[in-house]
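Here's a quick briefing to read alongside the structure. Keep the viewer open and follow along topic by topic.

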Amino acid sequence: MPHQPLTVSGVEVTPLCDAVGPMGETIRRPLPELFPGSAVQDEPWVLHFHCYLLRDRAGRVTLVDTGIGAADSPASSWAPVPGTLAGELAAAGVAPAEVGTVILTHLHSDHASGAVADGRPLFENARYVLQQAELDTARGAILEQVVTPIKGQLQAVEGEAEVSPGVHVRLTPGHTPGHQIARVGELAMTGDLVLHPVQLADPRVRYLYDDDAEQAVATRVEVLDGLRAERAVLATAHFSDPFVRL
């Protein structure tokens with residue numbers, strides 16, 4: 001567990017590094033193609049796949065995103081599976097059964113595949129929180145291998161919601177229709193709202209794999225403007241350093 005926790009509003013937030021590696025050849029593109037119109041250099045893009053463990057003073061445990069999953073998960077076609085989330089949780093002193101809430105920022109395979117293991121919910125006692133708009137568009141392997149096994153534990157929300165005391169989610173569409181970020185105090189766990197530091201320098205930089213690039217830009221500009229005004233801290237999914245203060 002290489003990253004140190006940050007305590008925000010009485011909640012200990014620990015970054016869990018599920019994997020490190022480049023995109024697989026099936027979807028890998030040169031960086032200037034992935035972020036068209038940006039000044040990003042054409043160099044290898046090594047992604048860090050972060051999940052976030054939240055523990056409050058009352059002992060409640062929340063997990064934001066579940067990583068890439070097992071060797072045969074929906075992420076296996078392009079991500080460096082298997083993920084190491086279970087080992088990261090163990091190193092942090094948390095068993096899967098202790099997790100009471102799982103927030104999935106969206107249903108892309110590198111964020112949601114670790115929600116299940118051997119066809120069953122890994123976090124047996126947790127509510128799995130998703131935006132209704134994300135559930136409405138679930139298809140294919142992610143529907144069959146992730147959403148269907150956890151459907152008995154799903155909590156669908158619409159827009160903004162407090163999903164655990166002091167932990168809020170907010171709909172941030174564009175990357176996917178039901179993409180959401182999670183907040184605790186000054187900290188925002190941003191999923192794929194921002195994928196590369198070039199988008200912090202210029203939030204209008206598009207990403208090739210956004211579902212709706214125009215909507216993603218509008219959302220990113222609005223959300224980052226607000227977070228900058230707060231001087232908030234970002235907890236990112238794919239930066240090498242998980243915490244970034246604006």
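This is a predicted model: local features need pLDDT of at least 70, side-chain atom pairs count only at pLDDT 80 or more; totals for chains, interfaces and linings use all residues.

**Helix 7**

- Just past the end of helix 7 comes Arg231, with a positive phi of about 55°.

**Asp56**

- Look for Asp56 in the loop that runs between strand 3 (46-55) and strand 4 (61-64).
- Is Asp56 buried or exposed? Its relative accessibility is 15%, and since the cut-off for buried is under 20%, Asp56 counts as buried.
- The Asp56 side chain has a polar contact of 2.7 Å with the side chain of Arg60.
- The side chain of Asp56 also reaches a backbone atom, the nitrogen of Ala58, at 3.0 Å.
- Leaving aside residues up to four places away in sequence, Asp56 touches Gly10 and Val11.

**Aromatic rings**

- Two numbers describe a pair of aromatic rings: the distance of the centres and the angle of the planes.
- The count for this model is six aromatic pairs.
- One of them is Phe35 with Trp45, an edge-to-face pair at 5.4 Å centre to centre with 70° between the planes.
- Phe35 and Trp45 both lie in the loop between helix 1 (31-34) and strand 3, so their pairing ties together parts that are ten residues apart in sequence.
- Phe35 has 0% relative accessibility and counts as buried; Trp45 is buried too, with a relative accessible area of 13%.
- Tyr52 and Phe243 make a tilted pair, because their planes are at 45°, with the ring centres 6.1 Å apart.
- That pair links distant parts of the chain, with Tyr52 in strand 3 and Phe243 in strand 15 (residues 243-245), 191 residues apart.
- Tyr52 and Phe243 are both buried.
- Which residues share an aromatic cluster with Phe35? They are Trp45, Tyr207 and Tyr209, and together with Phe35 they form one cluster.

Terms used. Residues are numbered from 1 along each chain as its sequence is written. Side-chain values use heavy atoms; hydrogens and water are left out. Helices (H or I, at least four residues) and strands (E, at least two) are DSSP runs, numbered from the N terminus. Buried means under 20% relative accessible area, exposed over 50%, partly exposed in between (1.4 Å probe, protein chains only). A polar contact is a pair of N or O atoms within 3.5 Å; within protein, one must be able to donate a hydrogen and the other to accept it, and residues adjacent in sequence count only if both atoms are side-chain atoms. Contact means heavy atoms within 4.5 Å. Rings of Phe, Tyr and Trp (its six-membered ring) pair if their centres lie within 6.5 Å; planes under 30 degrees apart count as stacked, over 60 as edge-to-face and the rest as tilted.
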